[in-house]
Amino acid sequence: MGKEVLNQILQKIKDYQKIIITRHVRPDGDCVGSTLGLKYLLQETFKDKDIRVINEDYVEYLKFLGEEDQQVDKSFYQDALVIVVDTATDSRVSNKLFKEGKEIIKIDHHIETCPYGDINWVEEEKSAAAEMIAELYNNFKDQLVMNKKAATAIYTGIITDTGRFRFASVNGDTLRNASILLDQNIDTQKLFAQLYLKDFNYYKLQGKIFKDIKITENGVAYVYITNKIKKKYKLSMDDASSLISMIDSIKGSIIWVAFIDNDDKTIRVRLRSRFAEINKIAEKYRGGGHAQASGAVLHHKKEIKEILADLDQEIKNYKENNQDWL
């Protein structure tokens, strides 16, 4: 996308005294890092503006990046600019008052299905929404002021959504944008400790996960994290969701899935793949996302068999028509 939309976004930011930044529900490192990073960047640049990150949920493991702001009265939104980051559809926005804003800017890197903003900056080929915030800064370094706090948050978003630069979405621009952030003397050792150190109990759980992995006929690897397991190992929903990474390196398995019981009796589905595209299947089961990283929601356990059958057929089709899988 050309620089015209970036110019429009920067001008809107300059025009408004009040700016509210929000993201998607059930936050991850990218949406938290990009929203807080954008807030810190704008606060450092425009010290007289009232800039807040307002949402209705948060996660414990990312609180080292800073607290979000409390919800305010609806009247606060009437003359405010709302910036929604990393959220493909308006139904997944964590701040339910976001449409009360005078104008809305959407900044997102998911496949475009719902252009709900007055300005929509969507680049699905970008590795992370945080990379887009870094790119916004890089395009206007003569007008925006970066600091270590902002850089740390934005860099967190990039490394978490790229698997520490391992995913196919990473390109030269990703690394160039990240390098500008590293120039702010980010303490990467402390950052990685905050993100990746686990309690001893978590490693005991690994043994159970490895024991319980199942694989379909054509190679879909999957695990089911029940409420009983979550309770026994004292897992938060975020801890349980992160277990998807434990089964990502099985040879011949180019799709892997974690099913996780929700407290509301639905089942959260975390879908990942190499090579094969899974987002269309995720959309069929009330979800969506990227071609190789998506999520879905199941209402009944019988749907586990159904989605596994669809994913198994996707692997079969891919393996029959391609030679580049391992």
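1. Arg 164 is partly exposed, at a relative accessible area of 47%; here buried means under 20% relative accessible area, exposed over 50%, and partly exposed in between, with a 1.4 Å probe and protein chains only. Arg 164 lies in the loop between helix H4 (148–161) and helix H5 (172–182), where helices (H or I, at least four residues) and strands (E, at least two) are DSSP runs numbered from the N terminus. Although not a glycine, Arg 164 has a positive phi of about 55°. Most residues other than glycine have a negative phi.

2. On the basis of the note: this is a predicted model, in which local features need pLDDT of at least 70 and side-chain atom pairs count only at pLDDT 80 or more, while totals for chains, interfaces and linings use all residues. Residues are numbered from 1 along each chain as its sequence is written, and side-chain values use heavy atoms, with hydrogens and water left out.

3. Phe 275 also has a positive phi, of about 70°, and is not a glycine. Phe 275 is placed in the loop between strand E9 (267–273) and helix H10 (279–284). With 32% relative accessibility, Phe 275 counts as partly exposed.

4. Six aromatic pairs are found in a search of the whole structure. One of them joins Phe 192 and Tyr 196, whose ring centres are 5.9 Å apart with planes at 25°, so the pair is stacked. The criterion is that rings of Phe, Tyr and Trp (its six-membered ring) pair if their centres lie within 6.5 Å; planes under 30 degrees apart count as stacked, over 60 as edge-to-face and the rest as tilted. Both Phe 192 and Tyr 196 belong to helix H6 (residues 188–196), four residues apart, about one turn of the helix. Phe 192 is partly exposed at 28% relative accessible area, and Tyr 196 is partly exposed at 27%.

5. The rings of Tyr 202 and Tyr 203 have their planes at 80° and their centres 5.8 Å apart, so this pair is edge-to-face. Tyr 202 is buried, with a relative accessible area of 11%, whereas Tyr 203 is partly exposed at 43%. The charged end of Lys 198 sits over the ring of Tyr 202, 5.1 Å from its centre; this requires NZ of Lys or CZ of Arg within 6 Å of the ring centre and within 35 degrees of the ring normal. The charged end of Lys 49 likewise sits over the ring of Phe 46, 5.3 Å from its centre.

6. Helix H2 (residues 29–45) and helix H3 (residues 129–139) pack with their axes 8 Å apart, at an angle of about 20°. Axes are lines fitted to C-alpha atoms, for helices over the stretch in contact, and angles run from 0 to 180 degrees between N-to-C directions. H2 and H3 are therefore roughly parallel to each other, the class for angles under 35 degrees. H2 contributes Asp 30, Ser 34, Leu 38 and Leu 41 to the contact, and H3 contributes Ala 129, Ala 130, Ile 133, Leu 136 and Tyr 137; contact means heavy atoms within 4.5 Å.

7. Glu 131 is in helix H3 and is buried at 1% relative accessibility. Apart from neighbours within four places in sequence, Glu 131 is in contact with Lys 126, Ile 158, Asn 171, Asp 173, Thr 174 and Asn 177.

Note on methods:
Angles under 35 degrees count as roughly parallel, over 145 as roughly antiparallel, 65 to 115 as roughly perpendicular and the rest as oblique.
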